[in-house]
Amino acid sequence: MVPHFVPQCASWLFEEFGSVNPNATVETAIQNVGKRCNLDDLPIAYVAVEGDEPVGTISLLSTEWPKDDVGPWISGVYVPPPKRRR
C-alpha cells in the first residue's frame, strides 16, 4: 500500500463495510488501513493502480478477528463500481 492512497482506500472500505461496526469512523478506517502499509509482514494491503489513480484494494491479515485460529485471511477487498469487470 502506498501511504498516500490510504485515505482513499480507507474511505471506500468505510463506505462499503463501516456499518458492520457501529463504532467505526472514517478516522479509524484510515488508522486501520495505515497499519497495513507493510512491505513484508502481515497485515499488508495492496492497491491496484491505473496511471496514478487507485482502482482497488485488498488486504491480507493474520486472522479476521483476534480470537480466530484460521489464517491468513483475505480482507478489505474493494473495487469502485466504475472499475469493476474490467
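Is Cys9 buried or exposed? Select Cys9 in this predicted model: at 0% relative accessibility, Cys9 counts as buried.

A disulfide would need the sulfur atoms within 2.5 Å, and a search of the whole structure finds zero disulfides. Cys37 has a relative accessibility of 27% and counts as partly exposed.

Now select helix α1, residues 6-17. Its twelve residues should span 16 Å at 1.5 Å a residue, and the end C-alpha atoms are 16 Å apart, which agrees. Colour the buried residues of α1: Val6, Cys9, Ala10, Ser11, Trp12 and Leu13. To see what covers them, show α2 (26-34), β1 (44-50), β2 (53-61) and β3, which are included in that cover.

Stay on α1 and select Trp12, then Tyr78. A search of the whole structure finds one aromatic pair. The ring centres of Trp12 and Tyr78 are 5.6 Å apart and the planes stand at 35°, so the pair is tilted. Trp12 belongs to α1 and Tyr78 to strand β3 (residues 73-78), so the pair ties together parts that are 66 residues apart in sequence. Trp12 is buried, at 10% relative accessibility, and Tyr78 is buried, with a relative accessible area of 10%.

Last stop: select Arg84. Arg84 lies over the face of Tyr78, at 5.4 Å from the ring centre.

Terms used:
Residues are numbered from 1 along each chain as its sequence is written. This is a predicted model: local features need pLDDT of at least 70, side-chain atom pairs count only at pLDDT 80 or more; totals for chains, interfaces and linings use all residues. Side-chain values use heavy atoms; hydrogens and water are left out. Rings of Phe, Tyr and Trp (its six-membered ring) pair if their centres lie within 6.5 Å; planes under 30 degrees apart count as stacked, over 60 as edge-to-face and the rest as tilted. Helices (H or I, at least four residues) and strands (E, at least two) are DSSP runs, numbered from the N terminus. Buried means under 20% relative accessible area, exposed over 50%, partly exposed in between (1.4 Å probe, protein chains only). A charge sits over a ring if NZ of Lys or CZ of Arg is within 6 Å of the ring centre and within 35 degrees of the ring normal. The expected span of a helix is 1.5 Å times one less than its number of residues. Contact means heavy atoms within 4.5 Å.
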